[in-house]
Amino acid sequence: MSDLYERARELDAKDELAGVRGEFVLDDAVVYLDGNSLGALPANVPGRVDDVVRRQWGELLIRSWTESGWWTAPERIGDLIAPLVGAGSGQVVVGDSTSVNVFKALVGAVRLSGGPEVGRDEILVDAATFPTDGYIAASAARMTGCSVRAVEPGEVPGALSSRTAAVLLNHVDYRSGRLHDLTALTAAIRGAGAISVWDLCHSAGALPVGLDAHGVDLAVGCTYKFLNGGPGSPAYLYVRREHQAAFDSPLPGWNSHAEPFGMRSEYEAADGVVRGRVGTPDILSMLALEAALEVWARPDVSVDAVRAKSLALTDFFVECVEAYVPGGRVEVVTPGAHGERGSQVALRCADAGEVMGRLIAAGVVGDFRAPDVLRFGFTPLYLSFVDVEGAARVLARELS
């Protein structure tokens, strides 16, 4: 075997997170590098879902809303996610999809800013954003009487003005894996009197975020990527404590009413982050997510430890690719600087779609983003350095 393989074994022997791999259901014949699309199944989830279905639903029925804690799950699970994104308790609520939460957050942000009535009639949006965020921004702009302007994240400080109501940015670019400067950009947005909205889908559970420390106003994120909540698991909404009393959701459902069982015809928002709720939560997915998050309670698991291993894994993968893959066959798109990299590596390749198909058939699962990007996600909780070295060898073989 190669020197890189031997080094991979040495790195695995020193890996403080190596023991966490056993917490997940994995196929040892497959190297799974698509956790930035769908995380692996935590081993404790099937048993928890079985209990929810057979006992909580099957036996307790309606009593489970109180006896099993169903009613308070959105805030309880939000408090489990909060430390993973650098937020204090009572500021994260779980429920609905990422798209729905982007809509709530963006319309709420315009309203918090004062909107067109005070001259703030423009929403800035990450020019390379995931398409749905752009679609939602356009709809939110129509609803609030604003216009939308797409800008590169690095150009945001120069694009801000007294007209800016809200700025929607991705913490990590979903194509390239570039990590944007949340600290500096949030400070610039706040300095201009606008409201920041961050999409954390590709960062939460992979790297420190620091929502409270850096003054972020609103944030959203999914839970099925690095948080391993399962396909379609509910997303979350962060509302900074200082904004909660004024946060005006465009979707005022009965779950966010101050008296949800009062059945009053007039709407009165509940106190706190509860006003981010809408309707009846998806309990099966919600409680599967709660079980998945238990891995973060292990004493050897922390966001900082995960970030350190993420950087080591991605560094090592790039080194292996450069050593094994024929020259000129791929181009590394993801920034090399640690401060500019999320937990994925994107490679530009002319025949990327065909290559990814061959890789998956050969047991290395990543994904393809049109027109020419091979995308590999690195989930430190269950990936090894031997996995990474092996994936690079298979890639080189398929590109030869």
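R190, D217, R240 and E242 are tied together in a network of salt bridges, a salt bridge being a side-chain nitrogen of Lys or Arg within 4 Å of a carboxyl oxygen of Asp or Glu. The structure holds 30 salt bridges. Keep in mind that this is a predicted model, where local features need pLDDT of at least 70 and side-chain atom pairs count only at pLDDT 80 or more, while totals for chains, interfaces and linings use all residues. Residues are numbered from 1 along each chain as its sequence is written, and side-chain values use heavy atoms, with hydrogens and water left out.

Some of the salt bridges can be looked at one by one. R55 pairs with D51, the closest N and O atoms being 2.7 Å apart. Both sit in helix 2 (residues 45–57), four residues apart, about one turn of the helix; helices (H or I, at least four residues) and strands (E, at least two) are DSSP runs, numbered from the N terminus. R55 has a relative accessible area of 35%, so it is partly exposed, and D51, at 24%, is partly exposed as well. For the cut-offs, buried means under 20% relative accessible area, exposed over 50%, and partly exposed in between (1.4 Å probe, protein chains only). E75 and R277 form another salt bridge, with 3.1 Å between the closest N and O atoms. This pair links distant parts of the chain: E75 is in helix 4 (residues 73–81) and R277 in the loop between strand 10 and helix 9 (283–292), 202 residues apart. Both E75 and R277 are buried.

Seven strands make an open sheet in the order 4-10-9-8-7-5-6, with mixed pairing; two strands pair if DSSP finds at least two bridges between them. Strand 4 (92–94) and strand 6 (147–151) are at the edges with a single partner strand each, so one side of each is left without a neighbour in the sheet. Strand 7 (residues 164–170) and strand 8 (residues 195–199) run parallel and share five bridges, and N170 has D199 in strand 8 as its bridge partner. Helix 5 (residues 98–113) lies across strands 5, 7, 8, 9 and 10, at about 175° to strand 9. Such angles run from 0 to 180 degrees between N-to-C directions, with axes fitted to C-alpha atoms, for helices over the stretch in contact.

The other sheet is open too, with four strands in the order 11-12-15-14 and antiparallel pairing. Strand 11 and strand 12 (residues 344–348) pair over two bridges, and E331 stands opposite R348 in strand 12. Helix 10 (residues 303–324) packs on this sheet, touching strand 11, strand 12 and strand 15 (373–377), and its direction makes about 25° with that of strand 12.

Helix 10 also holds D315. Its neighbours within four places in sequence aside, D315 is in contact (heavy atoms within 4.5 Å) with H338 and R341. The side chains of D315 and R341 are joined by a polar contact of 2.8 Å, meaning a pair of N or O atoms within 3.5 Å; within protein, one must be able to donate a hydrogen and the other to accept it, and residues adjacent in sequence count only if both atoms are side-chain atoms.

What about the nonpolar cores? Each is a set of buried Ala, Val, Leu, Ile, Met, Phe, Trp, Tyr and Cys residues joined through side-chain atoms within 4.5 Å. Of the 79 residues in the largest one, W296 and F317 touch the most other members. The largest share, eight residues, comes from helix 12 (residues 385–399).
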